[in-house]
Amino acid sequence: MATVQVSEAEKVYILHGIRDDLRVDGRGCEDYRHMEIETDVVSNTDGSAKVSLGHTAVLVGIKAEIGKPRPMVPNEGYLEFFVDCSANATPEFEGRGGEELGTELSNTLYKVFNNKQSLDLRALCISAGEHCWVLYVDVLLLQCDGNLYDAISIAIKAALFNTKIPRVHISSDEEGGKEIELSDDPYDCMRLQVESVPCIVTLCKVGHRHVVDATLQEKACSVASLIISVTHKGTVTCTRKVGGGSLDPESIFEMIEAGKRVGKALHAPLMKLLQQEESLGKKRQKVGFLG
Amino acid sequence: MPTDTKRVRGPEVSQSPSLVTSKPAAALPSSGPRADGRQRDQVDVRPVFVRCGLVSQAKGSAYIEAGNTKLMSCVYGPRETERKDETDMKCGRLTTDMRFAPFSCPERGSWIQGSQDRDFSLMLYESLQPAVCLHKYPRSQIEVSVMVLENGGSVLAHAVTCASLALADAGIEMYDLVLGCSVRQDGASYVVDPTYAEESGGSCGGSSEDAGGVTVAFLPSLNQISGLQSDGEMAGETLTAGVRTCIEGCYKLYPVIQQALLKAVRKAAPPPSES
Amino acid sequence: MASHHPATVGQTHVANQNIMAAGFKTAEPLEYHRSFLKENCRPDGRELFEFRTTTLNIGSISTADGSALVKMGNTTVICGIKAELTNPTVEAPGKGYIVPNVDLPPLCSSRFRPGPPGEQAQAASQFIADVIESSEVIKTEDLCIDRGKLCWVLYCDIMCLDYDGNLLDACVIALLAALKNAQLPEVTVNKETSSPEVNFEKRHSLRLHKHPVAASFCVFDDSILIVDPTAEEESLSTARLTVVTDEEDRLCSVHKPGGTSLSGEKLQECINRAAARQREIQKLTDKVVHSVKAAQ
């Protein structure tokens, strides 16, 4: 991942600040940076969202395609994740440099959604065992300034909220064969229940405390972080330790508590924001990428 | 799909006979004793069989068997690092490679390493790295590879234990051994060191809120967690309890692993005879 | 190995000799080996035509339909067989498939790198495929279930776990033992729905028509023949040769990838040794297969 070099003196400065709950940019330990969300930014997808968090920027596009359900779960659709670490974000990703990080991120996303509650996959089923919707979730990293996981998960939630899947009707012809008909009306579409889609909170252990939404400088002072994905109810769908250090069990328990608290508080304002933007409808002023 | 010219190819598609019957996997009961006679809700790990130094070509190696789970790990190095562009040459580099033999799972796997294998390799790396004194091996790399011969559940946890044992057998300086343990939560009850059936059957069994798996990598004498991984959906308290249970499981494993290591060391350097 | 505790004069002398030998071995490996071959023996104490101790363990992998683990000295090879259902080709509607692959993962020796199979692994896979075809150990016709519609494909995945020379011999033993161990469920095709039905309760073994066994040789200094080479002997030798024979002493395959030439007389010597080896290994395999059957 993109890293910065931090001198010893800077490290001490950052560490002491965090000890006193005052970070370099004036935030407290559990505060996020300024966040901007815009949905429906890419017209040729079924749902999209762009999220910027400090200088980190990610774009998520969702495409719905008709596929065959997995043999083990014939009455459910499924999600496919792909994370593209473009060389735009940092020169380190040039060539195949971003591949490793991309698979790491997408593998974690599969785990985050590997449960019954996150998204009602049965709603994606068209006809059991034969056809279902497959949602291809493509994540594009535009800029890296720390805390990729959180930004990606929020962008995915926003994009899923924005996703419009055309309605389909199954009609059977005389010989009993089934045919799928797509609705002609572009406004006749299905929306997803995104209430319980989890958000990821990354907690970075710096000194004896942990901080939320670490910048690259803060990340350089930390040896290990914990990724926790939290639903609006406060349940945890995925945790993972990342980084080269180890953690005390007690501090892991504290971090899980903090992650739950922060993650739970994230959902309500996010949903409100999304609904507000949606209600503006056509009047909404589009900002786009350069805004 | 690009054709693989480096292997003997078979038909383009084939199906496992167990899929033809397409019987949905029967959900395992979430109460009563487990299929292998172990107890629920107790730190009842499978007895493990461990051996060090089985592979003649490797610097260090270990084999572990717990129930049907069989895997081996080899360590090569330290040798000169391949990557010269690395900015930080003061520290050694650890590489991990975890693979599943094609016949190790109920469904035949491919020879080509999938993203799941890479994910396992990464988690193995993150669990082992904190325990290895990499600063003692500047400009060199230490290679750890793990081969899963049979997947009988809790593969990652046992891979961590096996790999750390192989590292110790290779004489690589470490702060502590790393032990792994898994717990599977299934509603109100949990099973420690789940088998393959328990791992895959539980998740599709119920719609209960607490269903998921936790794997912990633990440094027992330093009381540090070097790896933590969970999926499924669990309440925070359940997760915390799961982590505690895993730590307890690791402590149960500790004397067995120590014994195996001691035996390997004795064999390599027999104590001076009294004559 | 130098000892740090007080030792008698005799012991110190032996210890010094050991250090000398170890140094000689690393500095002049070829000369080191020659000095042994001159005395008609080898550094590990074997005679020129003596194989390493071979042990066999079958059926230890329960996720495979058949499996075997072979150890020849340090060399360890495991073979797992998975049977799957597929459609036969249009050209051969009455035949199934056997797909053997040999893998040399980086785990088994520092000489192999991760990634796609290297030259040696590819050559070994092809060699095993050729042995299966030329020896007719299994008739692909036996793998047909419903002509033109359904047949078995046997994936024989062979993996080396410890590479100390003579990979091919170990692979053939592992393959044969795993095939003997394999139990396939009964499959019938439902006449009405024409869909396959699998009966896991009823399993049967494969019909093996032949029992091929490989014996590998190395040529030292263009003239001295040794059998069952270790990894070091392989790398120092000037030519390699593998002979595969079956129980009726018929040659299934003679594989000599380049190297120095070999007289017909020497080749005959090799074939005779291979025939003797075939009997030893078939006896060992049958014994292990029977003991496993008896235990069940």
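The questions and answers below concern a predicted model.

User: Which element gives the most to the side of chain A that touches chain B?

Analyst: In this predicted model, 29 residues of chain A are in contact with 31 residues of chain B. On the side of chain A, the elements α2, β14 and α5 (249-280) each supply at least two residues, and by class that side has nine nonpolar, twelve polar and eight charged residues. The element that gives the most, with seven residues, is β14(A).

User: Which residue of β9(B) stands opposite A:R240?

Analyst: Strands β14(A) and β9(B) pair in the antiparallel sense, and two bridges join them. Within β9(B), the residue opposite A:R240 is B:Q229.

User: Which strands stand at the edges of the open sheet of eight strands?

Analyst: The order of this sheet is β12(A)-β11(A)-β13(A)-β14(A)-β9(B)-β8(B)-β6(B)-β7(B), with antiparallel pairing. From one strand to the next, the twist averages 20 degrees. A strand at the edge has a single partner, so one of its sides is left without a neighbour in the sheet, and the two strands placed in this way are β12 (209-212) of chain A and β7 (189-192) of chain B.

User: Which residue in β12(A) does A:V206 stand opposite?

Analyst: Strand β11 (residues 199-206) of chain A pairs with β12(A) in the antiparallel sense, over four bridges. In β12(A), the residue that stands opposite A:V206 is A:R209.

User: What angle does the direction of helix α3 of chain A make with that of β11(A)?

Analyst: Two helices of chain A may be taken in turn here. Helix α2(A) packs on the sheet, where it touches β11, β13 (224-230) and β14 (236-242) of chain A together with β9 (224-233) of chain B, and its direction makes about 150 degrees with that of β14(A). Helix α3 (residues 148-162) of chain A also packs on the sheet, touching β11 and β13 of chain A, and the angle between its direction and that of β11(A) is about 170 degrees.

User: How many residues of the contact of α2(A) with α2(B) are nonpolar?

Analyst: On one side, A:T103, A:E104 and A:N107 in α2(A) take part, and they meet B:S115, B:R118, B:D119 and B:L122 in α2(B). These residues divide into three charged, three polar and, as nonpolar, one.

User: How many residues are nonpolar on the side of chain C that touches chain B?

Analyst: Here 42 residues of chain C are in contact with 35 residues of chain B. Among the elements that give two or more residues to the side of chain C are α3 (119-135) and β6 (150-162). That side divides into six charged residues, twelve polar ones and, as nonpolar, 24.

User: Which residue in β11(C) is the bridge partner of C:S216?

Analyst: Strand β9(C) and strand β11 (residues 239-245) of chain C run antiparallel and are joined by seven bridges. In β11(C), the bridge partner of C:S216 is C:T242.

How values were computed:
Residues are numbered from 1 along each chain as its sequence is written. Chains are lettered from A and ligands numbered from 1 in the order in which they are written. This is a predicted model: local features need pLDDT of at least 70, side-chain atom pairs count only at pLDDT 80 or more; totals for chains, interfaces and linings use all residues. Two residues are in contact if their C-beta atoms, placed from the backbone, lie within 7 Å. Ala, Val, Leu, Ile, Met, Phe, Trp, Tyr, Cys and Pro count as nonpolar, Asp, Glu, Lys and Arg as charged, and the others, Gly among them, as polar. Two strands pair if DSSP finds at least two bridges between them. Axes are lines fitted to C-alpha atoms, for helices over the stretch in contact, and angles run from 0 to 180 degrees between N-to-C directions.
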